[in-house]
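Here is a short report for a first look at this structure. Please keep the sequence and the 3D view at hand.

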Amino acid sequence: MRSGFRLLLLSTLVVLISACASHKQEEVLPEKLYYDNARQAMNSGNFNEAEQNLDALETYYPFGRYAEQAQLDLIYARYQNLDLEGSRAAADRFLRLNPQSEHADYALYMRGLASYNLDIGLAARYLPIDVAARDPGEQQQAFRDFSELLNRYPESEYAADARQRMIAIRNRMAELELFAARYYIKREAYVAANNRARFIIENFPSSPAVEEALIILAETFDFLKFKKGAQDAVALLRQNFPESDAFNSDGEFEANLLKRENRSLSSVVTFGLMGDE
């Protein structure tokens, strides 16, 4: 019994000592020290340490002297740490708590920037992955954020970059539709390919994808025996892209995208059959 009591007492003392040590480790620092530590860490590129100090600053001094700036810095620190969802969440919180802030344009811009890069991910930053082949995911949200920035703060220093990223988003969305159209051509689903091509022309008329979309439109209309549609598509292509490779040296339309894609698919199938022999 005594040995059991001593063991229980010893265990209790260990827990108490550990709790005291833990309490000392969690000692709250002065507000300015957290802020200065965070700024110093950010200036030296140590965004992990910066984020830790900014989180502590928000936890212990949510309405302090540096609260608003700390919230802004946290958006940036998380973005630099590639915590894009965290950066966007921090931007949302800032806009909710400071709707009339003179820095709201920055928060909107960073929220859009986080969404813009969110579905690309780390792999695409360092590996040759075709972004157009990916699900657009957060691109529409980024477009809405940048659009809101331009509507509310047209003179913002971030407006020009936001406008360029909106163009890039439109081009990326158009490329995604083009990727789908090529896929349908390979599967000989020409009606579906035609629909995708028309969607590009109607919704992304200024994107670089329009040239190939017009070629697909002309060829699929021709295959589907819709001569008027094919002629109109060729006329639009000639008007907007007179130097297109779809025209031969005599200026005649002779694109063979459907045949080329089908030959490519046939080669894959033939190769597979030969490998089975």
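Predicted model: local features only at pLDDT ≥ 70, side-chain atom pairs only at ≥ 80, totals over all residues.

F94 counts as buried because its relative accessibility is 0%, and the cut-off for buried is under 20%.

What does F94 touch, leaving aside residues up to four places away in sequence? The contacts are E68, Q71, L72, I75, S101, H103, A104 and A107. Take E68: it is 26 residues from F94 along the chain, yet the two C-alpha atoms are separated by 7.8 Å.

## Two positive phi angles

Most residues other than glycine have a negative phi. E188 is not a glycine, yet its phi is positive, about 60 degrees. E188 sits in the loop between α9 (159–186) and α10 (190–203).

K225 is not a glycine either, and its phi is positive at about 65 degrees. K225 belongs to the loop between α11 (210–223) and α12 (227–240). Is K225 buried or exposed? K225 counts as exposed, because its relative accessibility is 66% and the cut-off for exposed is over 50%.

Helix α12 has 14 residues. At 1.5 Å a residue they should span 20 Å, and the end C-alpha atoms are 20 Å apart, so the two values agree.

Which residues of α12 are buried? They are G229, A230, A233, V234 and L237. These residues cover an arc of only 135 degrees around the axis, so they lie on the same side of α12. Helix α11 is part of what covers them. On the other side of α12, Q231 and Q239 are exposed.

Definitions and conventions: Residues numbered from 1 in each chain as written. Heavy atoms only, no water. Buried < 20%, exposed > 50% of the residue type's maximum accessible area, 1.4 Å probe, protein only. Contact = heavy atoms within 4.5 Å. Helix = DSSP H or I, 4+ residues; strand = E, 2+ residues; numbered from the N terminus. Expected span 1.5 Å × (residues − 1). Arc of directions from axis to C-beta.
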